[in-house]
Amino acid sequence: MKGASGNRLSPGVRAIAGAVARGETTPEQALEDVLERVDATEPFIHAWTLLDRDVAREQARTLTLEAKSGRFRGPLHGVPVAVKDEFHIAGMPTAFRGPGARIEPADATVVRRLRDAGAIIVGKTTMPIGGQNPPTRNPWNLEHTPGGSSSGSGAVVGARVVPVAVAEQTGGSCLRPAAFCGVSAIKPTYGRISRYGCFPFSWSRDTVGLIGLDMADLALVLSAVSGYDPLDPTSLHEPPLSPELRLDDVRPPRLGVVRNWFPERSEPYMNEAVEAAAEKLAAAGATVEDCLLPEDFDVLRHAGQLVRAEAEAMHAGRREGVPSPITGLEFVPATYFVQARRIRTWMIGRLSRIFDELDGLITPTAPGEAPRGLENNGSPALLDPWTFLGFPAINLNGGLSPAGLPLGIQMVAGPGQDHALLQRGAWAERVLGVLPPPPLIA
Amino acid sequence: MLLKPPVTKEEALAWLIEQAQRAYGIEITPEIEARLALTAEAMARVSEVDLDEDIEPLLL
């Protein structure tokens, strides 16, 4: 699966943008490098749903002419980006909608903002469709899932085909594939990135996220795509985040390692990896202490289950016959849904107070390594509560499992603390490092 | 099925099974029952929680 010599691994977002800005490369060359890597990897990882080379090349040509005349659209000029299939791309179908899907007339807001910043939209990446996992494979071990549901986005960044991919998380679908594929990711505060043009699964849970190579890259891309969107009434009424992490100004963080609920749902080797990471962070100057979540934390799992009635409502007019699977959510009285939403509000208040004293909580991202086979794309259990609450979270390097597969460490922050979380994540990244490319790629 | 007084998982499951049979006219297989049980457990657990009146079902 090795690519042509000298072009096996995608540079990062900042590296590409800087090289384009300095005239050391062109958007056209950056794209051709991607397409060469696609040719080398796609027969093995099967990560793309739709990649129209002519359309991508036309974008790159335009961006190259602009760059040569000194016009740069934004901080991502010439950077190739992959987009999870559920996001609308103008002129392309959304495969998730099924056979005969319409050609989308307009970009999702996140796609439009990437274009406005100068990015090349390379194509659409795989996700489960019709309840079936895609044939996408983990670039660290092709016998294992890359995770889901942002399967292709995790795999193409993990395989170093592109430096960044747009993902989405309703339960655990952004951070989990990032963890399984050994790369970085952010699932921001709910509403940080507009959901307009993203196929809805559960309106109050769906969160647009990013998978990339490091925190600084994620911060740069997030600065381009965040900010209030009048087309998404749930988007935060805040300006875009700053792209600068100013790490010299960042003090060692105060971190809480969660000692209940999460460890008992994780493999022993995953808990050992969390311990090892905590020791490294403490040795580097972080304040690391034990943290116990409220004893009734588990109620979030149940409240979140009932809020999944949103998905039932979404699909009620689309399905024919008996639904599959039958969850029973379609029968649950509205009072239970309201109660579940009230429990969410209640727990947001209680858990937010943790972040008065701590900068972040540390947990595993997933119970362990990526499962073998493609039938099971992994458990969202350790991510789901924070997604339901709308708290931001990132994936950090947790080392490798005994079987040599990536492990992820989740750092969670309080609502709205996305930029600070990326800063603390970047600080932690200096200590924990990032995983090298998969042996199959390097 | 009322939210209060709190329901048990068993009560909620029996109710859900009845609703599913009435709506779909199908046999409740062990697999279907297991999925309904997840929702029944969720109903039971959330119905136990008592909240102050100022806790609102905010979207954000």
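Which residues are linked with A:Asp359 in a network of salt bridges?

A: In this predicted model, the network of salt bridges links A:Asp359 with A:Arg251, A:Arg254 and A:Arg424. Over all chains, the structure holds 31 salt bridges.

A:Asp39 and A:Arg53 form a salt bridge in which the closest N and O atoms are 2.6 Å apart. This pair links distant parts of the chain, with A:Asp39 in helix 2 of chain A and A:Arg53 in helix 3 of chain A, 14 residues apart. A:Asp39 is partly exposed, at a relative accessible area of 46%, and A:Arg53 also counts as partly exposed, at 27%.

A second salt bridge joins the side chains of A:Arg73 and A:Glu66, at 2.8 Å from N to O. Here A:Arg73 is partly exposed, with a relative accessible area of 39%, whereas A:Glu66 has a relative accessibility of 10% and therefore counts as buried, the limit being under 20%.

A:Lys124 is buried, at 0% relative accessibility, and A:Asp85 is buried with a relative accessible area of 0%.

The buried residues of helix 1 (residues 13-21) of chain A are A:Val13, A:Ile16, A:Ala17, A:Gly18, A:Ala19 and A:Val20. They pack against helix 2 (27-45), helix 3 (53-68), strand 2 (80-84), strand 4 (164-169) and helix 7 (215-225) of chain A. Just after helix 1 of chain A, A:Gly23 takes a positive phi of about 80°.

The aromatic side chains form a further set of contacts. A pair of aromatic rings is described by the distance of the centres and the angle of the planes. The count comes to eleven aromatic pairs over all chains. One of them is the tilted pair of A:Phe331 and B:Tyr24, with 5.8 Å from centre to centre and 50° between the planes. This pair crosses between chains, from the loop between helix 10 (309-315) and helix 11 (334-352) of chain A, which holds A:Phe331, to helix 1 (residues 9-24) of chain B, which holds B:Tyr24. A:Phe331 counts as buried, at 16% relative accessibility.

A:Phe355 and A:Phe391 form an edge-to-face aromatic pair, 6.0 Å centre to centre with 70° between the planes. A:Phe355 lies in the loop between helix 11 and strand 9 (360-364) of chain A and A:Phe391 in the loop between helix 12 (384-389) and strand 10 (393-400) of chain A, so the pair ties together parts 36 residues apart in sequence. Both A:Phe355 and A:Phe391 are buried. They belong to one aromatic cluster together with A:Trp261, A:Phe262, A:Phe297 and A:Trp386.

Finally, a charged side chain also meets an aromatic ring: A:Arg350 lies over the face of A:Trp346, at 4.5 Å from the ring centre.

Definitions and conventions. Residues are numbered from 1 along each chain as its sequence is written. Chains are lettered from A and ligands numbered from 1 in the order in which they are written. Side-chain values use heavy atoms; hydrogens and water are left out. Buried means under 20% relative accessible area, exposed over 50%, partly exposed in between (1.4 Å probe, protein chains only). Helices (H or I, at least four residues) and strands (E, at least two) are DSSP runs, numbered from the N terminus. Contact means heavy atoms within 4.5 Å. A salt bridge is a side-chain nitrogen of Lys or Arg within 4 Å of a carboxyl oxygen of Asp or Glu. Rings of Phe, Tyr and Trp (its six-membered ring) pair if their centres lie within 6.5 Å; planes under 30 degrees apart count as stacked, over 60 as edge-to-face and the rest as tilted. A charge sits over a ring if NZ of Lys or CZ of Arg is within 6 Å of the ring centre and within 35 degrees of the ring normal.
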